[in-house]
Structure formats: C-alpha cells, structure tokens
Amino acid sequence: FSFIIMSSDQTQPKADGSDVTLETSMGVIKIELYWKQAPKACKNFQELARRGYYNGISFHRIIPDFMIQGGDPTGTGRGGESIYGHKFNDEITRELKHTGAGILSMANSGRNTNGSQFFITLAPCPWLDGKHTIFGRVSSGITVVNRMGHVQTDASDRPVQTVAI
C-alpha cells in the first residue's frame with residue numbers, strides 16, 4: 001500500500017481548519033484537523049505532511065479493533081521528530097474524546113512527548129482520553145481506515161505486507 005499526504009488545496013497549508021488528504025492505493029482518506037483545540041499538533045502534522053516527511057514511512061503498528069499507528073521514520077515506534085525540533089507538550093482537552101473509529105491522535109511515550117508519530121482509532125478507546133492529544137478525525141474514507149485495520153499482522157502487530165505513506 002502507498003500513501004501520499006498533501007494539503008487539501010495542494011499549496012501552503014493554512015491554520016484555518018484546512019483538511020489533510022491522504023491518497024492511498026486503498027482509497028482516499030480526508031482528515032479534518034482540530035485547529036482550535038490542538039493548534040501545535042495540527043501545525044506539526046500538516047507541516048510534516050507538506051514537507052513530505054511522512055513519504056515512504058510505514059504504518060508500523062496495526063491492531064484490529066484498536067488503531068493504526070505511523071509517522072516514525074525508523075519504523076521502530078521509537079523515532080521521529082516534530083517540526084519544533086524537540087518533543088512538544090500535550091494539548092489535551094475534556095471536549096475531545098476517543099469515542100469511536102476515525103479519531104486522529106498523537107502517539108507518545110508519556111506526558112508531553114509528542115513528535116511525529118500519530119494514530120487513527122478503529123473503535124472507541126476511552127482509556128486513552130486524557131493521555132493522548134486528539135487533533136483531528138477522519139471526515140471521509142473511514143471504510144479505507146477500517147480495511148487497513150484488517151491487514152494481516154505478525155505477533156508484534158507489524159503488518160506482514162508494508163503499509164506505507
């Protein structure tokens with residue numbers, strides 16, 4: 001599978017709620033970003049996408065009925081940098097929750113450790129509320145995300161066939 005991430009207008013992204021479109025071999029996924037609630041995470045994701053940072057990077061962790069995770073250039077789940085040159089703080093708000101499939105959140109290794117990694121939920125995940133910055137949702141293409149969540153994986157939750165951006 002291959003993914004191309006671009007801003008919705010294919011020009012300089014704007015901090016006005018612009019979407020990010022992922023054109024994949026499995027179909028198109030459109031992401032609505034939550035600029036009001038998580039401006040740093042939105043800017044980071046959109047700018048990394050615009051720069052092509054995610055191009056060629058695989059979704060290194062896929063767990064059915066939970067989430068798909070990507071954004072790590074090392075493919076290990078331990079790498080990646082933000083546009084800020086360091087890890088950045090969480091932007092957690094009570095109004096956003098992991099209520100179902102299609103929620104876009106920052107992956108982290110603990111409090112205030114956001115970099116380039118992100119995940120998209122495949123089901124409600126209330127135990128993640130208050131622990132991960134939610135910064136968007138799939139506004140179109142949830143069936144594509146759900147199909148990705150059903151690819152064959154190994155015992156370490158790595159896809160058997162590469163699912164790449």
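Me: How do the residues lining the largest pocket divide into nonpolar, polar and charged?
Reply: This is a predicted model. The lining of the largest pocket is made up of 19 residues. Sorted by type, they come to four charged, one nonpolar and 14 polar.

Me: Which lining residues lie nearest the centre of the largest pocket?
Reply: The space in the largest pocket is about 270 Å³. Of the 19 residues that line the pocket, those nearest its centre are Q69, G77, R78, N108 and Q117.

Me: Is F88 buried or exposed?
Reply: F88 is in the loop that runs between strand 5 (67-70) and strand 6 (103-106). A residue counts as buried under 20% relative accessible area. The value for F88 is 3%, so F88 is buried.

Me: With which residues is F88 in contact, leaving aside its neighbours within four places in sequence?
Reply: R111 is 23 residues from F88 along the chain, and their C-alpha atoms are 9.6 Å apart. With the sequence neighbours within four places left out, the contacts of F88 are K40, A41, N44, S82, M106, N112, T113, N114 and G115.

Me: Are C42 and C125 buried or exposed?
Reply: The relative accessible area of C42 is 0%, so C42 is buried. C125 also has 0% relative accessibility, and therefore C125 is buried.

Me: How many disulfides does a search of the whole structure find?
Reply: A disulfide is a covalent bond between the sulfur atoms of two cysteines. To be counted, a pair of cysteine sulfur atoms has to be within 2.5 Å. Across the whole structure, the number of disulfides found is zero.

Key. Residues numbered from 1 in each chain as written. Predicted model: local features only at pLDDT ≥ 70, side-chain atom pairs only at ≥ 80, totals over all residues. Heavy atoms only, no water. Buried < 20%, exposed > 50% of the residue type's maximum accessible area, 1.4 Å probe, protein only. 1 Å grid on protein atoms, 1.4 Å probe; cavity = no way out; pocket = protein on both sides within 12 Å on 5 of 7 lines; lining within 4 Å. Points joined across faces, edges and corners; volume = space filled by probe spheres on them. Nonpolar A, V, L, I, M, F, W, Y, C, P; charged D, E, K, R; others polar. Helix = DSSP H or I, 4+ residues; strand = E, 2+ residues; numbered from the N terminus. Contact = heavy atoms within 4.5 Å.
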